[in-house]
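Hi everyone, thanks for making time today. I'd like to walk you through one structure, so let me put it up on the screen.

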Amino acid sequence: MAAPAGEPQPIPTPEYFASARAFTRRDLELLELVTQPAWISDVAEDGSSMKCVWANACGLRFWGEAAATDVDFSDASVASIKFIRSIIDAFRDGLRTSVMPISLSFFPKGVPTPVVLRPCPVLLKGFPGAEVDESRLYLLSVVHPVQENHESLRREGMLRYTSSRLWMYDVTAVDDGDADEGAADAAARRSR
């Protein structure tokens, strides 16, 4: 990531740091300072299952659990887990731009919670699922809970994982007789 002499150095991206070296449990202590929920997931190679292997204090509060191993992803759809696995696979295959914010919903304790997820594959050493000296890719998830208009975001997230095209209509605009007035106002603005 070094620029030629005399040129400004590029700003390192999170993806650069994630791929620069293998991190250990001790390295993760710094993530306790992050004020957003964060956790690390181990996703099966075939995308069939996912488990939490680490979470910061905010992440544990988000899930309502006392320990990372108590975080339950069993209600996640197979399509969702395979999608998350595809992020790790794309990163492993060199597509560093595969990491981007994603709007979706998680269900801590069964409550739909829309979030913006910032996934980042990280190379970890000495974690469950890996030999003592082996490094493996896991997924670091940092989420930003979304407060406003969460129902429409949740619907959008659900539609993302359907296999058919659907149309959604907003029927909240009811004609109360002012439609002609609105058209006249629009015509007057266009004539100016």
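Let's begin with strands E1, residues 38–43, and E2: they run antiparallel, and 5 bridges join them. What you see here is a predicted model, by the way. If you look for the bridge partner of Val-43, you will find Met-50 in E2. The hairpin of E1 and E2 has 6 residues between the strands, and Gly-47 in that hairpin takes a positive phi near 75°.

Next, the aromatic rings. The model has 7 aromatic pairs. One of them is Phe-62 with Trp-63, an edge-to-face pair at 5.3 Å centre to centre, with 85° between the planes. Both Phe-62 and Trp-63 are buried.

Phe-62 also pairs edge-to-face with Phe-106, at 6.4 Å centre to centre and 90° between the planes. Which parts of the chain does that pair link? Distant ones: Phe-62 belongs to helix H2, residues 57–63, while Phe-106 belongs to strand E3, residues 102–106, and the two are 44 residues apart.

Why do we call these two buried? The cut-off is under 20% relative accessible area. Phe-62 comes in at 14%, so it counts as buried, and Phe-106 has 11%, so it does too.

Stepping back, ring pairs join Trp-39, Phe-62, Trp-63, Phe-73 and Phe-106 into a cluster.

One last stop: the charged end of Arg-136 sits over the ring of Tyr-138, 5.0 Å from the ring's centre.

Notes. Residues are numbered from 1 along each chain as its sequence is written. This is a predicted model: local features need pLDDT of at least 70, side-chain atom pairs count only at pLDDT 80 or more; totals for chains, interfaces and linings use all residues. Side-chain values use heavy atoms; hydrogens and water are left out. Rings of Phe, Tyr and Trp (its six-membered ring) pair if their centres lie within 6.5 Å; planes under 30 degrees apart count as stacked, over 60 as edge-to-face and the rest as tilted. Buried means under 20% relative accessible area, exposed over 50%, partly exposed in between (1.4 Å probe, protein chains only). Helices (H or I, at least four residues) and strands (E, at least two) are DSSP runs, numbered from the N terminus. A charge sits over a ring if NZ of Lys or CZ of Arg is within 6 Å of the ring centre and within 35 degrees of the ring normal. Two strands pair if DSSP finds at least two bridges between them.
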